[in-house]
Every structure is written in C-alpha cells, then in structure tokens.
Amino acid sequence: MDDAPDTRASLEKPDPSSSAAGIAPPHASANEGNWNGPGTASGTGHPQAQPPPPLAALARHTGHELPFVAPSSYLRPKLNSRTMSDKTASPLDREQMQGLRGVREFLKVRTSYDVLPLSFRLVILDNDLLIKKSLNILIQNNIVSAPLWDSRNSTFAGLLTSTDFINVIQYYCQFPDEINEVDQFRLSSLRDIEKAIGVTPLETLSVHPMRPLYEACRRMLKTRARRIPLVDRDDETGRETVVSVITQYRILKFIAVNNEQHTMLLKKTIKEIQLGTYKNLATASMDSTVLDVIHLMVKYNISAIPILDRDNRLLNVFQAVDVIPCIRGGAYEELSSSVGDALSKRADDFAGIYTCGEDDRLDSIFDTVRKSRVHRLVVVDDDYRLKGIISLSDILKYVLLYGEEEDSIRTT
C-alpha cells in the first residue's frame with residue numbers, strides 16, 4: 001500500500017496464501033436515504049415495498065481451519081439464569097441450543113478473511129487530512145467510515161466513523177468561539193478533541209485477517225465496536241497493511257448465507273429470548289432539532305433514535321450516520337434544523353427502516369438479514385407503535401454468548 005493512501009482502488013480479492021493486499025469491502029457502511037413511512041420497508045412479519053438486493057458473492061475456502069482462541073480470554077460472560085440444562089430443556093430449547101452451537105462452531109473454523117467478497121473497494125484516509133475534507137470524501141464515496149493511515153510511520157492509525165463527527169459537534173457546542181479552529185482540525189487531532197470534551201478514547205482495534213472469525217466477533221462485543229479493521233503485518237519488514245473492514249452486518253449476513261442449516265433451528269421468538277431493548281427508550285419527533293437528537297445519542301451512548309408521532313407510532317429512525325450530511329462543508333448551523341429536514345437529505349436508494357413484531361422468530365430475522373441490508377430492527381405492534389429496538393449487537397451477543405458457560409462446563 002502507498003504511503004499516501006487517501007485514494008481508492010477496486011481490486012480482486014487476493015489469494016489468502018500470499019501477502020494480503022490493501023483492499024477494503026464496499027459494505028463497511030450502509031447507504032442512507034429517505035423512507036416514506038412504516039409500510040414501505042420492514043423486517044420480518046411486515047411487507048416490503050422493494051425487492052431485496054442480490055446477495056453478495058461470499059467465497060468459501062478450504063484450508064482456513066485454525067485453532068480458535070479460548071473465548072474466556074476475550075469476554076467472560078455471566079451465567080444466564082434462563083439457561084436450562086438438556087435434562088430440563090424442552091425440545092424447542094434443545095433445538096435452539098443446537099442451532100447456536102452450530103453457528104459458533106462455524107465461526108470457529110472460518111476466518112475473518114472468508115467474510116470478504118471476491119472484489120471490493122478500499123477508501124483509506126491519511127491521518128494528516130483535514131476533518132472537513134474527510135467528511136466530503138465519505139459523502140462523495142457514499143460511505144460512513146474509513147480506516148486511517150499514519151503515513152509518517154507507515155502504520156494503521158484507527159477508524160474514522162460517525163462517532164468522531166459527533167465528537168467534533170460536541171466540541172463545537174462546548175467551544176462555539178473556536179469555530180474557525182474546528183475547520184482546521186486534522187484527523188490526527190481526533191484524540192485531542194476527545195480529551196477536550198471528556199470522552200474516553202476508543203481502543204485502536206484490529207484483527208489479523210486469518211484469525212478465526214469467532215475471535216473477531218468476541219473482540220467486537222467486548223469493545224462494543226460495530227466494525228473492525230483487518231490488519232496484516234509483513235513478517236520480514238514488520239510493515240502493516242490494512243486489508244479491509246468487516247462489520248457486524250456483514251458477519252451476520254455471512255452466517256445467514258452460509259450456515260442456514262443452523263440458523264433455521266433458531267425458532268424461538270424474540271420475546272421468548274428477550275432480544276433487544278424495551279425500557280427507557282430515547283425517542284424524538286420530526287420537529288426535534290438535529291442537535292437535540294445528537295445530545296440524546298451522546299447521553300444514552302446509542303446510535304439510533306426512533307422518530308415517533310403523537311400517538312407513539314413509528315415514523316422513522318434518525319441514525320448516527322445521518323449526522324454526516326448535516327455538517328457537510330462545515331455547515332454546523334444546520335444542526336438547528338429539524339429532524340424531518342435532515343432525513344430528507346438521505347440518498348434516494350436508502351433501503352428503509354426494518355421492523356418486526358415480538359412474536360417474530362430469530363430464524364426469520366436471519367432470513368431477512370440474508371436477503372436485505374439490515375442494520376437494526378424496530379419492534380412495533382400491529383399499529384406500528386414502538387415496543388423496542390433490536391441492534392445487530394444484540395443478535396451477535398445472543399448468538400455467541402447465550403448458554404455458553406453451561407456449554408463450557410459440559411465440555412470440561
């Protein structure tokens with residue numbers, strides 16, 4: 001990879017036996033756009049207005065089986081009191097655990113490299129680039145995140161995400177007299193901005209592309225990261241190469257496409273397995289300002305706010321990535337505009353908001369992930385009144401951790 005990697009490349013997936021090339025997938029972030037109401041796009045149990053996009057080409061390679069790292073070295077889960085032993089479990093419980101164990105074994109013998117499509121695009125930003133310019137690059141390339149590269153030391157420098165731009169907005173709010181200084185901030189200043197507003201710096205997280213996919217999932221859960229860069233290191237020179245970035249969505253889609261024989265066994269409803277968040281939900285209205293919604297995201301450490309009408313019916317969801325077009329060109333005054341105005345700036349090909357009911361099953365959710373680009377599901381009743389939210393982290397956590405301690409006891 002060149003030392004000035006703020007360029008794009010569309011490359012073929014390299015052979016895993018050779019040195020990894022500097023490439024990244026096109027699905028590290030979702031396209032955003034307009035939604036015409038709860039009926040236009042939905043998850044399981046509700047009609048969809050648009051046909052699902054074609055499935056991405058996901059390669060299966062043999063010879064990638066590697067020993068997996070002991071799960072306890074990454075995240076030691078608490079014993080779930082709702083877990084039942086096989087002696088007291090019902091046939092449905094046993095079938096559910098069989099499916100979960102099958103998915104976990106699948107993740108242990110597949111590598112993070114396996115998740116990548118055969119060809120994909122890479123956008124890497126030099127750490128010396130102005131934050132203002134990096135924002136325009138993300139918008140021009142229709143992405144919401146990108147790896148950062150320290151060209152002076154030829155090393156991986158982290159990941160630029162919508163959270164970083166929210167931190168810049170917080171800095172602007174706390175120090176409004178320094179707006180000119182904000183426009184001169186470079187990507188290398190992001191850590192200084194975090195310190196100034198009192199935010200705990202995020203860990204510079206990465207995994208080797210040939211490590212088990214199970215390991216990448218556990219590290220994502222431990223750090224609450226929604227995406228993780230794949231970084232290779234040359235054995236002779238010690239130089240790092242950013243191979244790609246994989247997201248929770250792409251991991252779950254990889255499971256749904258390649259491990260359907262086990263996901264089809266997950267027949268319990270989301271209500272039975274208590275999947276998602278249902279209490280103390282932060283919400284807003286179409287008349288709320290963008291800045292008000294950003295403050296809610298920061299306060300509750302969340303990345304999406306349901307937008308409701310007066311009757312608590314779901315109208316839309318404002319996501320952290322919706323902040324990016326609001327401050328394009330340093331237009332921080334746009335933050336005082338309404339949520340409705342901000343959502344109108346989404347791209348025309350926005351996939352929509354996906355919904356489900358409490359009685360929908362986990363296997364049907366995996367089927368929806370397999371067919372469509374889903375980044376969260378909003379749980380609603382038959383009148384589209386808000387009940388809860390299911391994030392991809394919730395799904396990944398359940399798949400990896402539910403009943404795991406009991407399984408480890410059984411195998412010892």
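This is a predicted model: local features need pLDDT of at least 70, side-chain atom pairs count only at pLDDT 80 or more; totals for chains, interfaces and linings use all residues.
Visitor: Nice! Tyr 171 and Phe 175 form an aromatic pair, so to speak: what kind is the pair?

Guide: That pair is tilted, with 4.7 Å centre to centre and 45° between the planes.

Visitor: And is Tyr 171 buried or exposed?

Guide: Tyr 171 is buried, because its relative accessible area is 8% and buried means under 20%.

Visitor: What about Phe 175, how is that residue classed?

Guide: Phe 175 is partly exposed, at a relative accessible area of 28%.

Visitor: What kind of pair do Tyr 171 and Phe 185 form?

Guide: An edge-to-face one: the rings of Tyr 171 and Phe 185 are 5.3 Å apart centre to centre, and their planes make an angle of 80°.

Visitor: Where in the chain do those two sit?

Guide: Tyr 171 belongs to helix α3 (residues 162-174), while Phe 185 is in the loop between α4 (179-183) and α5 (190-197). They are 14 residues apart, and the pair links distant parts of the chain.

Visitor: Is Phe 185 buried or exposed?

Guide: Phe 185 is buried, with a relative accessible area of 11%. Together, Tyr 171, Phe 175 and Phe 185 make up one aromatic cluster.

Visitor: Switching topic: which residue lies over the face of Tyr 214?

Guide: Lys 108 does, at 4.9 Å from the ring centre. In another place, Arg 346 lies over the face of Phe 350, at 4.3 Å from the ring centre.

Visitor: Now the sheet with β10, β11 and β12. In what order do the strands come?

Guide: The order is β10-β11-β12, in an open sheet with mixed pairing.

Visitor: Which strands stand at the edges?

Guide: Those are β10 (354-356) and β12 (386-391). Each has a single partner strand, so one side of each is left without a neighbour in the sheet.

Visitor: How much is the twist from one strand to the next, on average?

Guide: The twist averages 30°.

Visitor: In which sense do β11 and β12 pair?

Guide: Strand β11 (residues 376-380) pairs with β12 in the antiparallel sense, over 5 bridges. As background, strands of a sheet pair through backbone hydrogen bonds.

Visitor: Which residue in β12 does Val 379 stand opposite?

Guide: Look for Gly 388, which stands opposite Val 379.

Visitor: Last one: which helix lies across β11 and β12?

Guide: Helix α13 (residues 392-401) lies across both strands, and α13 runs at about 65° to β12.

Methods: Residues are numbered from 1 along each chain as its sequence is written. Side-chain values use heavy atoms; hydrogens and water are left out. Two strands pair if DSSP finds at least two bridges between them. Helices (H or I, at least four residues) and strands (E, at least two) are DSSP runs, numbered from the N terminus. Axes are lines fitted to C-alpha atoms, for helices over the stretch in contact, and angles run from 0 to 180 degrees between N-to-C directions. Contact means heavy atoms within 4.5 Å. Rings of Phe, Tyr and Trp (its six-membered ring) pair if their centres lie within 6.5 Å; planes under 30 degrees apart count as stacked, over 60 as edge-to-face and the rest as tilted. Buried means under 20% relative accessible area, exposed over 50%, partly exposed in between (1.4 Å probe, protein chains only). A charge sits over a ring if NZ of Lys or CZ of Arg is within 6 Å of the ring centre and within 35 degrees of the ring normal.
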